[in-house]
Amino acid sequence: MNTNEKLKMVATKHFGQYGYKGTSLAKIAEEVGIKKPSLYAHYDSKQALFEACMDGAMAEFKSDAKKMLHTEKSSAAEVLYNFPAGFISSNSNADDSRFFYLRFAYMPPEDLGENMIRYSNDFIEALAEIVYKPIDRLLNEVNNTSDKPEEILEAYLCIFDGLMVELLFGGTKGYSKRLDAAWAVFLKGVR
């Protein structure tokens, strides 16, 4: 792994743990094994490093989401039910990246203004685009021809948003209970 990749990996972890304001470039550099001035050879500012982390996390999110949602090995209902749980994994690097991305997609630093609005909008658009296919497949599997996939998609995204907020603020404790309750009602409505 080159220095640039290490910087992004460590910075992603630090931004996720300490927030934008609480993250120290000196501590990131120290953990990577370089001096703080050397960090500026890679990124000209804290914001530039943060945005590189956002770009990396967004790319990883899209890739992971497509892998989880665009499988034909399970029913669409199983795929859609398991998707939010896919954000809790055993891979600590993936966990750092996912937590970082979720934290800042839902609670962007105010200091970064318009750029963060763009990231949040990109997150919502990417998620909707990726989830559409299994939603459409679900409607076919349950022979639902009366509901529009777009409406079911919006309902699913609402559940997903709520579950991600639960993960961010409440952790995994109440997550499963809320997932099961929301999913039961969602599936009844779709059928």
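## Two helices that cross

Helix axes here are lines fitted to C-alpha atoms over the stretch in contact, and angles run from 0 to 180 degrees between N-to-C directions. This is a predicted model, so to speak of local features takes pLDDT of at least 70 and side-chain atom pairs count only at pLDDT 80 or more, while totals for chains, interfaces and linings use all residues. Residues are numbered from 1 along each chain as its sequence is written, and side-chain values use heavy atoms, leaving out hydrogens and water.

Now look at helices H7 (residues 113–141) and H9 (residues 175–190): their axes come within 10 Å and cross at roughly 60 degrees. That makes H7 oblique to H9 (under 35 degrees is roughly parallel, over 145 roughly antiparallel, 65 to 115 roughly perpendicular, and the rest oblique). Helices are DSSP runs of H or I with at least four residues, numbered from the N terminus.

Who touches whom? Ile135, Leu138 and Leu139 of H7 meet Phe186, Leu187 and Val190 of H9, with contact meaning heavy atoms within 4.5 Å.

## The two sides of H2

Over in helix H2 (residues 25–32), Leu25, Ile28, Ala29 and Val32 are buried, that is, under 20% relative accessible area with a 1.4 Å probe, protein chains only; exposed is over 50% and partly exposed lies in between. Seen down the H2 axis, the buried residues fall within an arc of 95 degrees, so they line one face; the arc is that of the directions from the helix axis to the C-beta atoms. Turned away from that side are the exposed Lys27 and Glu30.

Among what covers the buried residues of H2 are helices H1 (3–22), H3 (36–39) and H4 (46–69). Just after H2, Gly33 has a positive phi of about 95 degrees.
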